[in-house]
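Please look at the structure first.

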Amino acid sequence: MLNEADTRAKRIDPALATRGWDEALITREVTARPIVIMAGRARRVGQGRADYLMRVRVGESAPLVALAVLEAKEEAKQPGAGLDQAKEYADLARLNVPFVYSSNGHLFVEFDGTTGYTSEPRPMADFPTPDELRARWEAATGVDLSSEAARPLLQPYRPGSFRPRYYQDAATRAALQAIAVGKNRLLLSLGTGTGKTFIAAQILRRVADAGQLRRALFVCDRDALRVQGIDALTQTFDGEVAEINTGNLGYNARVSVSTYQSLDVATDEAGTSLLLAHFPADYFSHVVLDECHRSAWGKWRQVLEHNPSAVQIGLTATPRRLVASEDTAEAAEDLAITADNYAYFGEPVYDYDMAQGMADGFLAACEISRRDIFLERAADSERDRGLTREDLERKALQIARTGEPVSAENLKAFYAAPTFESSLLLPERVDTMVDDLFAALLATGGPEQKTIVFCTRDRHAEDVAVALNNRYQAWCAEAGRRPANPYAFRCTADNDGSSKIADFESSDRHHWIATTVDLLSTGVDIPKAANIVFFKYVRSPMALTQMIGRGTRIYEPANKLMFRVYDYTNATRLLGEDFTAEAARRRVDARIVPEEPAEQVLVHGVDVRISEAGKFIIRPAEGRPTLVALEEYEREIAERLREEVDTIDTLRARWVVPSARRQLLDGLPESGNSVRVVQELGGHADVDLFDILANLGWDEPLLTRAHRAFRFRGENADWLRSLPPQTQVAIAAIVDQFVRAGTDAIERKELFQTPELLQAGGLDALARAGDPRDVITQTKQRVFA
């Protein structure tokens, strides 16, 4: 029976060719190589996942249009093996095609995402031709590829421009398809770091090349986003981009970039806006709204209302729905306005979340460490309780602002944990949490890592920064190191934190840890961020996702492929929940006057201890990011493993054959990346993946690679002595490579370029005992015996 690759080459491709599908019409879209965390460090391993897209040619110079995805199965399997409706819906959405085909070379099965129907197996001779599939695609999408409206879809990417990743191409196609059927409000939802601005630039470029762009406006709410927008659009539109401000209206520009503040529509107090004064209605044919989950509403909505006929494209990582907090007229008014992205734009035309980006290797891998905090020797962690008046009666209590003593009688009966560092300041709690965090930094590469600590209030951010600086100075003194100051610094709105962001983002010698409240939670690009820390309680899934998003960017110059989340407040419980926001409450009869906060009380003498509460990973599941505990992850891998191989002997036989081993790993969650995650989170960097699988599937003991090498030498002494001396030396060098880096290391072609193998004679030394491939296979069989 043919394996999957041979089935594709020898059976599926020839059968498709007879139906008109030449090689050029089936393209291979590959994800990045997966990122795995091993021994506390991230690296790329293996190969990315390949998707085969079936495309149709509409014109000689036009790009091929994707219609369906093809899955090849090995000849021995059923033609629809592995087809799962949930998976197929996810793949269709991810690739922006309506059909999936699966074949074992003899028969094929079709999954139709428009109806949810899976066909019966049919002979390959009945496979639809390109023209037949095009007709079905046009009927399913409502797009006539020969129409004027579809012309942007048929424009090629500019030569020499950055080649889009598969999901960027899919998002661009999804937007252009929506525009082609007359939709003029589009929502694109993609995780932080996936290139939303690049996608918007490609959409506008292809519309322009089709002769359908009059003028475009890219609008955002922060200067950093304005700079990013100008950079991305200039790369695509060359000299046709200009910034709008009071000194330059950019009338000659094809694409204009501005902030709401520059357009003078940032506040209700603003006068006649620059937008209304200088730009007639519908001046722009296309409007792109960056970070639309928080912008474009209120008075900012003028941008939309002043260009009602424009194609309006919203970009966000966290689209939100509003939920009324009260059944009042004001709440109803809030729900009626378009702060609800879905009500205004409709469902996203394309969705690619943070977890999918991590699974594809385009975003940094994430390791989440949870902590439980216990107060006053309580059995429950603080998030399950708080502090009572009786707890506080025995403590030293002061007004934090003045140092004046205060009696417990004047305090509330109960303070819930989320009020800590807001109503109650607990210095021992801050010190203990900082000690724990600093120890974690020391254990994962040292204290000088770019880290964002989210705190409750400005005073809390200041206290945490001071405590971290004190720990760092003490560590430097003990280690004989010169401090890299400033080390930790408060970065909040009330201390001009915006002016410090540039140093935090760019410097490699100082500004290591930023303690903040909200300033760094969204709209700030910090590619070097290695740690996200929650010292504050978080209530909003939208806010949580934005905060975690500060760490998701890969930073190749520093080989940053992963980041860590340290969760001290169970904030990550919200991961994957719907993005909702309560409708704002309004005062109708008077101007809104903010209430003065109550005096903060400083509490000394609280007993605090911290314990680990587990490690987790982020995975895509049912279209949203999901937090998965290590134990649950292991169970899923074990179940899939036992579906692939029935006994450990079968596992051993397949493991020593490279192609069979790769095929086995590809059948496991995340194409085998899951096994490496278990290896790392379980602290088993010195154990080969074979033993990780043997332990998961059949509860075999976890043998280290060093232990297997020791047994190999002892149990195979007679066999080794029967070989030529040079071969013995070469095999010893190969086993040493296995001890260092596992099975992968002895199957790479670079193996024979290592100094040890070169010194032993390399391939020639193995050839003295026969075919080198057979010698290596025998060695592996004996190592895993």
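Glu715 and Arg711 are four residues apart in helix H22 (residues 705–715), so about one helical turn separates them. Helices (H or I, at least four residues) and strands (E, at least two) are DSSP runs, numbered from the N terminus. The side chains of Glu715 and Arg711 meet in a salt bridge (3.8 Å, N to O), a term for a side-chain nitrogen of Lys or Arg within 4 Å of a carboxyl oxygen of Asp or Glu.

The model is predicted: local features need pLDDT of at least 70, side-chain atom pairs count only at pLDDT 80 or more, and totals for chains, interfaces and linings use all residues. Residues are numbered from 1 along each chain as its sequence is written, and side-chain values use heavy atoms, leaving out hydrogens and water.

**Salt bridges**

The count of salt bridges comes to 41. One of them joins the side chains of Asp112 and Arg136 (3.4 Å, N to O). This pair links distant parts of the chain, with Asp112 in strand E7 (residues 107–112) and Arg136 in helix H3 (residues 130–141), 24 residues apart. Another salt bridge joins the side chains of Asp518 and Lys536 (3.2 Å, N to O). Asp518 lies in the loop between E25 and E26 and Lys536 in the loop between E26 and H16, so the pair ties together parts 18 residues apart in sequence.

The table gives the accessibility of some of these residues. Buried means under 20% relative accessible area, exposed over 50%, and partly exposed in between (1.4 Å probe, protein chains only).

| Residue | Relative accessible area | Class |
|---|---|---|
| Asp112 | 9% | buried |
| Arg136 | 31% | partly exposed |
| Asp518 | 45% | partly exposed |
| Lys536 | 10% | buried |
| Glu715 | 56% | exposed |
| Arg711 | 27% | partly exposed |

Salt bridges also link Arg158, Arg205, Asp209, Glu240 and Arg254 in a network.

**The sheet**

An open sheet of eight strands has the order E24-E25-E23-E26-E27-E18-E30-E31, with mixed pairing. Two strands pair if DSSP finds at least two bridges between them. Strand E24 (488–490) and strand E31 (624–629) are the edge strands, each pairing on one side only. Strand E18 (residues 365–375) and strand E30 (residues 608–621) run antiparallel and are joined by eight bridges. Phe374 stands opposite Arg609 in E30.

Helix H16 (residues 541–548) lies across E23, E26 and E27, in contact (heavy atoms within 4.5 Å).

Key. Axes are lines fitted to C-alpha atoms, for helices over the stretch in contact, and angles run from 0 to 180 degrees between N-to-C directions.
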